[in-house]
Amino acid sequence: MAIIDRSRRRLGPPPSMPNSKREPVDEIVTVQKPLAGQPVIRTLAPQKTSLKPEPVALPDKARAEKGLTLMQLLKRQPRYLINSAEDIVIRSYKKAKTKGGMPAIIGTARDMNTRPMRIHQFKVIGLDKGKPDISTQRRIKVSCDCEWFCFVSEYALWTWGAASIKFSNGQPAKVRNPGNHPILCKHLTQVLMTIKKRND
Ligand SMILES: [Zn+2]
């Protein structure tokens, strides 16, 4: 019995927890030889980004290549999301460039209604090199480190060419977003509305 307890203590949270925020298990736990009549103890393998399953094939390649503008993304957001974006305060907002020289806006945002306070990091990148402003780009990519973005938005936006698979496991949100609607989180909704207002 002591052998089983030792192994379990090193596994971290149970597998039923949302795994995006789970600490990676760095250590490979040795499978103990079972005593007669005892079941074999299976242990979790370390989770590495490189071992994430690849996204399934794009459902519409032409759509993904065409991408979405900032205005097209905003127009596709449901009313409830536009309303809940009013609770979001942008804490930092900075124009930047990616390593490849693409225009970007990065920063942090928080929800005034959420306790305890949680700050989320967002990123908006323009995919047209020639245009310095995000608001006039023909294609933009967005990301946010909140759970909603990971579990509802990321895969769907990827199918529209508007996100990379970074936080999620690259699988469709079959229950929460079965139609792969290019939905944003409320943080990004506020960020895009702010970019539009500022003509950045
Ligand atoms: Zn978010």
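**View 1. Strands β2 and β3 form an antiparallel pair.** In this predicted model, β2 covers residues 103-111. Seven bridges join β2 to β3. One of the residues to look for is Ala109, whose bridge partner in β3 is His120.

**View 2. Strand β3 also pairs with β4.** Strand β3 spans residues 119-126. The pairing with β4 is antiparallel and runs over five bridges. Which residue of β4 is the bridge partner of Lys123? Look for Ser143.

**View 3. Four strands make up an open sheet.** The order across the sheet is β1-β2-β3-β4, and the pairing is antiparallel. Which strands stand at the edges? They are β1, residues 88-97, and β4. Each edge strand has a single partner, so one of its sides has no neighbour in the sheet. On average, neighbouring strands are turned by 15° against each other, with direction ignored.

**View 4. Strand β4 is largely enclosed by the rest of the structure.** This strand runs from residue 140 to residue 144. Why can β4 be called largely enclosed? Five of its five residues are buried, so the rest of the structure largely encloses the strand. In a regular strand, side chains alternate between the two faces of the sheet. Both faces of β4 are covered. On one side, Ile140, Val142 and Cys144 are buried.

**View 5. Helix α6 spans residues 186-198.** The helix has 13 residues. From first C-alpha to last, α6 reaches 18 Å, close to the 18 Å expected at 1.5 Å a residue. Which residues of α6 are buried? They are Lys186, His187, Leu188, Thr189, Gln190, Val191, Leu192 and Ile195. Asn199 follows the helix. The phi of Asn199 is positive, near 55°.

View 6. Along the sequence, the pattern reads α-α-α-α-β-β-β-β-α-α. The protein has 200 residues, and 25% of them are buried. Consider the contacts between residues at least 6 apart in sequence. Of these, 53% join residues at least 24 apart.

Methods: Residues numbered from 1 in each chain as written. Predicted model: local features only at pLDDT ≥ 70, side-chain atom pairs only at ≥ 80, totals over all residues. Buried ≥ 20, exposed ≤ 12 C-beta atoms within 10 Å, placed from the backbone. Helix = DSSP H or I, 4+ residues; strand = E, 2+ residues; numbered from the N terminus. Pairing = 2+ DSSP bridges. Contact = placed C-beta atoms within 7 Å. Axes fitted to C-alpha atoms, helices over the stretch in contact; angles between N-to-C directions. Expected span 1.5 Å × (residues − 1).
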